[in-house]
Amino acid sequence: MIKSFILPIKELIKGLYTVFKNGFKKRVTLEYPEKKKLLNNNFRGKINYIKENCIKCGICQNVCPLISCIKIDTDFSIDLSQCIFCGNCVENCPKNALYFTKEYELAVNNKEKLILKEDN
Amino acid sequence: MEVISQDRILDINIGPQHPSTHGVLRMVVSLCGETIININPIIGYLHRGLEKMAENRTYLQYLPIVDRIDYLSGFFCSYAYLNGIEKLLNITPSEKAKYIRTITMEMNRITSHLLWLGCFLMDLGASSPFFYAFIEREKIIDILEDLTGSRMMYNYYTLGGVKRDIDIDILNRIKEFSDHFETALKEYEDLIEGNPIFLSRTKNIGLINKETANQYSITGANLRASGIKKDLRKDSPYLIYNNIDFEVPVLNNEDSFSRFVIRIKEMRESKKIILQCYNWLINHIKDEEIKSNINFMHIKPEGKVISEVESPRGLLQCIIHADGTKKPYRIKWRTPSFYSVQLINNLAKNYKLPDLMSIFGSLDVIMPEVDR
Amino acid sequence: MSIFYLIYIEFMIRINAPHWLIFALWHLISFIFIAILLVITVIILVLFERKYLAFYTRRKGPNRVGTYGCLQTIADAIKLLFKENIEPKNIDKMIYYTAPLLVFSPIMTVWFLIPFTSGIIPFDSSCSLLLFMAILSIPILATLFAGFSSGNKYSLIGGLRACTQAISSEIPLFLCLISISILSGSMNLDSIVKMQNDSIFQWYIFPNILGFIIFFISALIVMNRTPFDLPEAESELTAGYHSEYSGMKFAMFFLGEYALTFILSAFIATLFLGGYNSPMGFYISDLLNLPIIFQEFLKNIEQFIWLMLKTGILILIIMWIRASYPRLTTEKTLIFSWYILTPLAIFNIFIMAIYKLLRSIL
């Protein structure tokens, strides 16, 4: 009888103590614009394009899961606003004309800026 | 049952935008006072046509999309899909690839369970366990990010193995994590398991008996909390689960609380599996063969295949009907949450409104998986 | 009456102010002083809670506006002030706009009953405990008003929950006040505090520990704090009774809630922890050799600091509880307060009566 009263109280105090202990552990907040996470080389960020290597084979277009993300008619272009950064095009490019950068802050005012073209 | 006149019933809409529906489930709940008379779950707010999308994409093009079926445990969907294709093409992954797949999948299982734990307690009104769970989850996700290049949409598995080799640095980080994970689990237990408020909200609430569980074809932790020992990893071991020593926790209490305990125990077992995989991998770090040499772009499998995997939420099946062309004829996904979400009316009827959240939270339903 | 009052009278007579003005101005000044104090405290409290919860959850909390985020609440208040006034379609306008006013003004009134120092007692009444009981019931009416008038089903459920919860929790709360009156033989808060002045063992928490616990838990229910924050349970009712309030109207509810937390903590400190009395039995300012006016002034400040310290510790505990526990259900809350708290509170009155009797005999 008494035990059934004391046990819940003990557990409640244990809960309080567990939370209290956490107050003295290391903070985990990363203050974003000032401090940034270190990324390793595998990171899939913004795609860059090397014009010299490209042979316009069209493989990247064929492996891309999206219909109108990569376009090759006369020029090569990637619409980064559609891109899901899956990495299929980069992996399957036979001449290594595409590569990932560590850039991930892609917010822009104008959607046109996100279309990566040959000349820039 | 007593008949309640229509004017005493209050219909309220819970969702599609609501803090506790874990995404975009809509529930039309009929209340009499605070007692639930009827719940009508309405799904489809996150329907993206992922099954139809497969029909006009090649096998390689569909691969990144597979991760998005269940974005909290992308590896499992990837595995189910690739395993099906591998079966059709008679490819056996190398031993090292199998181990890497296991270790990543078990880590993914922990992240999924941790997110569930945080959200479940958030539903019950406790705020700090959410943060504690996310702190641990963040550690795994950081490791997986460095390994695969992305935080949730991994796209890491490929035909006959994995895309990138696991290096010693990441293995050491995994080891470090799993060594410290026990203290975190202990902390969750200290904070939650004995708490009388938590017990009063979960004990003997939302009972799924064996019969109901079988009728609704519930799988995974929800089923094991009802006392039925069914786990694909033990029943028909895939990958390297044959060589690994682990247990499948089973509880007979059938209530929300046992579903909580089962998931905590499963995380412990996952940690055990991770450590065993680590021990194997650290000895075979020099093995080179991690994927098959077949070009994924040009595969043309033929036949029908069902491939299964024990995902964090239960049995995940991918049924591939290939007709010998570049594109699959039809792909069907059998996702465990879809079956759990149907239970809600059966479980929460005649309980009070706050109990609906604890019951629904304990089922670990995730909407992208339901709607696909 | 007090040293401040005497200085004030002296000053007013010197500038030849009329009598009615002296009287009215004194009340006005004390009103403004106390009201500003309350608003400042609440602003600090909101920021403090965010920082404190961040401390327990291993975060840093707000740290962008001002140094260490010290201006965060002010920035939030300014944002709320400039928000568009959104008026839902199916509201009962009169009641809808009354509710936010009704939640803040009674709380402000209760605040006046507290003896802050031996010199500053804004409203010294012989039945201030009774007033406390009466006025404290009004904010509950506001939540009910808000729930009914918003034309939202979530609000309605929240309002009803608030109402049932308030009725069930106020009874043990008031029964505890009776036990305090029995101990002190008075309903005047100042004399209750004066009874506890000798040493830490004179505090009413020592004979009346059970009453303290019951009062504390019932106060949690009245304040709608975790684990009893059902009327605004986020996971069930989105925001409960104030779902449909935006901008400054929401801010009124929000500030009212924090003000209530603060005032009830101050009340617990006054009733059970000796109010403004020093726990050591003497005041530090008494040890200094200063002119009497200075000493009196310093003593008042010290008493105020003691009261705030005690209140602060209680608030720390309340927020600590918020960080740790999940929420109870309505049903369990009602069962808890009717089946456990109320009988215990009645039992406690009985014990206190016997204790008082024994003390007067021995």
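Guide: Start with a term. A residue counts as buried if 20 or more other C-beta atoms lie within 10 Å of its own, and as exposed if 12 or fewer do. One more point before we look: this is a predicted model.

Now go to strand S3 of chain A, residues 76–79.

Next, look at the partners of S3(A). Strand S2 of chain A covers residues 70–72. Three bridges join S2(A) to S3(A), and the two run antiparallel. Pick out Ile70(A): its bridge partner in S3(A) is Ile78(A). Three residues sit between S2(A) and S3(A), and the two strands form a hairpin.

S3(A) also pairs with strand S5 of chain A, residues 115–117. Again there are three bridges, and again the strands run antiparallel. Here, Ser77(A) has Lys117(A) as its bridge partner in S5(A).

Now move to chain B for another set of strands. Three strands form an open sheet there, in the order S1-S2-S3, with antiparallel pairing. S1(B) and S3(B), residues 35–42, stand at the edges with a single partner strand each, so one side of each has no neighbour in the sheet. The twist averages 20 degrees from one strand to the next. Five bridges join S1(B) to S2(B), residues 26–32. One pair to find is Ile12(B) with its bridge partner Val29(B) in S2(B).

Follow chain B to where it touches chain C. The contact takes 26 residues from chain B and 24 residues from chain C. S1(B) is among the elements that supply at least two residues each to the chain B side, and so are helix H4 (95–123) and helix H5 (128–148) of chain B. By class, that side has 14 nonpolar, seven polar and five charged residues.

Finish with chain C. Its secondary structure comes to 14 helices and zero strands. Of its 362 residues, 43% count as buried. The C-alpha trace spans about 65 × 55 × 45 Å along its principal axes. A compact globule with 362 residues would have a radius of gyration near 21 Å, and the 22 Å of chain C agrees with that.

Technical notes: Residues are numbered from 1 along each chain as its sequence is written. Chains are lettered from A and ligands numbered from 1 in the order in which they are written. This is a predicted model: local features need pLDDT of at least 70, side-chain atom pairs count only at pLDDT 80 or more; totals for chains, interfaces and linings use all residues. Helices (H or I, at least four residues) and strands (E, at least two) are DSSP runs, numbered from the N terminus. Two strands pair if DSSP finds at least two bridges between them. The radius of gyration is taken over C-alpha atoms; the globule rule is 2.2 Å times the number of residues to the power 0.38. Two residues are in contact if their C-beta atoms, placed from the backbone, lie within 7 Å. Ala, Val, Leu, Ile, Met, Phe, Trp, Tyr, Cys and Pro count as nonpolar, Asp, Glu, Lys and Arg as charged, and the others, Gly among them, as polar. Axes are lines fitted to C-alpha atoms, for helices over the stretch in contact, and angles run from 0 to 180 degrees between N-to-C directions.
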